[in-house]
Amino acid sequence: MDWCPTIQSDSGPLYEGIVEALSRDIASGRLHRGQRLPTHRALARALGVDLTTVTRAYNEARRRGLTEARVGQGTFVAESRLRIARTPAGIDFDLSMNLPPEPIEADLDGRIARGLAELRREHGFSDFLSYQHAGGSESDRGTAADWLRRRVRSAAADRLIVSPGTQSALMAILLALTGPGDTVLTDRLTYPGFKAAATALGVHLIGVEADRDGMSPAALEAACRQHAPKAVYLIPTIHNPTTLTIPAARREQLAAAIRRHELSLIEDDAYGSLDPRQQPIATLIPERSYLAASLAKCIAPGLRVSFVLVPDRAAAATVTHALRTVSQMPVPLTVALVMRWLADGSADSIVAAITAEAAARQRLAAKALSGHSYAAHPKGHHVWLALPPAWTRAEFAAHVQRQGLAVVTSDSFGVDGNPEHAIRVALGAARSRADLLAALDLLVTALRSPAYAQRIV
């Protein structure tokens, strides 16, 4: 017997107690991915219960994604609980959506179930079912500021807004800072959600030239003189899609240029928690920065919780009003769950598990893509892969889609209509490392295939 569960008295029916013990032991590291579990009969004998109870527990654990059964071998701890919803017909591996992986060690399902149970015992759910402050309560903002301050030394509750996701936050910031016809500068390749928000509000985006260290300060200065922009939008850490992380010296140069031209900085920190050594540019110019720090890429996108740091209380009131216009308020029950995780250390444990899994997947990708031209961050969720000149981007995407693989071409990210000849491959979207390896094999096979052969009818 390598494992025998410790069943808590408040776990409900005995079979559920076994499942909860399994979930806790995976989260604590007592059980690890791929570990073989005792047979049904062996566990029943060890616990002194009937075989039916253990069978029901194992079936429930498999339903929850905690375990997997291997024919002729037994029951094993699963690798991941991630399920990709609504996969398009004919697509076996959808690597188009930049999701964080959900390693079994993160125990998200278990933490959610336990957290909601605790909230129900302490408050009841009805407390979370009414309208609440659009930017989060004072207590929530304080908890978020304390957590964020480890990376952003200027974080303060009176300048922090709790938002229902970064997309809503970006729309609210644009509403607060710009009007129809105004210009915002950004990288020539940038986050499609920001492009969509700018288009909806009639804001013009101008792509600024970059070099190996990111946006060029000289090009930024020239664009400021030519276009009189209201703001600059940047993703300095693990850029989407290019994976670039701007070095410290370049961050200082960009901050100086932004201050000199009296611009506002909209900094998208979606991936910052995956590489906490990097200080946001907002720490250099907090008086003119709007920093959106998301939990979507370091915990889970479905939580819809982001934190926005703004320059001062007046800016907080303006952005909060805009946020109320866009989305009314963050979801109170989800926010309460997240705040509990921030306060008790669960969030840090989840981020650590996801970061470790992201690093493992990057190592797999590096091995599979050896010899091909690509960019990656060692803890990021995606790679930026250059395509052979013989392929057009549309032809390559269509070809791999016929093989059951979905990726995103650079056209989705381009600001000026002339993007790089590349695709983004989202490693975190694969349900498991085995699925990722299979998807990468399809990808590499396509890269080695002569494009002209695909055109022969």
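Visitor: What does Tyr 374 stand opposite in S14?

Guide: Its opposite residue in S14 is Leu 385. Before we go on, please keep in mind that this is a predicted model.

Visitor: What makes S13 and S14 a pair?

Guide: The cut-off for pairing is at least two bridges. Three bridges join S13 to S14, so the two strands count as paired. They run antiparallel, and a hairpin of five residues links one to the other.

Visitor: How do you know which strand S14 pairs with over five bridges?

Guide: Look at strand S17, residues 422-426, which pairs with S14, residues 382-386, over five bridges in the antiparallel sense. One place to look is His 382, whose bridge partner in S17 is Ala 426.

Visitor: Which strands make up the open sheet, and in what order?

Guide: The sheet holds four strands in the order S13-S14-S17-S16, with antiparallel pairing. Strand S13 (374-376) and strand S16 (408-409) stand at the edges with a single partner strand each, so one side of each has no neighbour in the sheet.

Visitor: Why is S14 called largely enclosed?

Guide: A residue is buried when its relative accessible area is under 20%. Four of the five residues of S14 are buried, so the rest of the structure largely encloses this strand.

Visitor: What makes strand S11 largely enclosed too?

Guide: In S11, residues 289-294, six of the six residues are buried, so the strand is largely enclosed by the rest of the structure. Ser 289, Leu 291 and Ala 293 point one way, while Tyr 290, Ala 292 and Ser 294 point the other way, and all are buried.

Visitor: How do you know which strands pair with S11, and in which sense, parallel or antiparallel?

Guide: Strand S10 (residues 264-268) pairs with S11 in the parallel sense over four bridges, and Asp 268 has Ala 292 of S11 as its bridge partner. Strand S12 (residues 306-309) pairs with S11 in the antiparallel sense, also over four bridges. There, Ala 293 has Phe 307 of S12 as its bridge partner.

Visitor: What is the volume of the second largest pocket, and which residues lie nearest its centre?

Guide: The second largest pocket has a volume of about 310 Å³. Of its 18 lining residues, Asp 187, Ala 210, Asp 211, Thr 242 and Glu 420 lie nearest the centre. Strand S7 (210-211) and strand S8 (214-215) are the elements that give two or more residues to this lining. By class, the lining has nine nonpolar, three polar and six charged residues.

Visitor: How many helices and strands does the chain have, and why is the chain called as compact as a globular protein of that length?

Guide: The chain has 15 helices and 17 strands. Its radius of gyration is 24 Å, close to the 23 Å that the globule rule gives for 457 residues, so the chain is as compact as a globular protein of that length. Buried residues make up 55% of the 457 residues.

Definitions and conventions
Residues numbered from 1 in each chain as written. Predicted model: local features only at pLDDT ≥ 70, side-chain atom pairs only at ≥ 80, totals over all residues. Heavy atoms only, no water. Rg over C-alpha atoms; globule rule 2.2 N^0.38 Å. Buried < 20%, exposed > 50% of the residue type's maximum accessible area, 1.4 Å probe, protein only. 1 Å grid on protein atoms, 1.4 Å probe; cavity = no way out; pocket = protein on both sides within 12 Å on 5 of 7 lines; lining within 4 Å. Points joined across faces, edges and corners; volume = space filled by probe spheres on them. Nonpolar A, V, L, I, M, F, W, Y, C, P; charged D, E, K, R; others polar.
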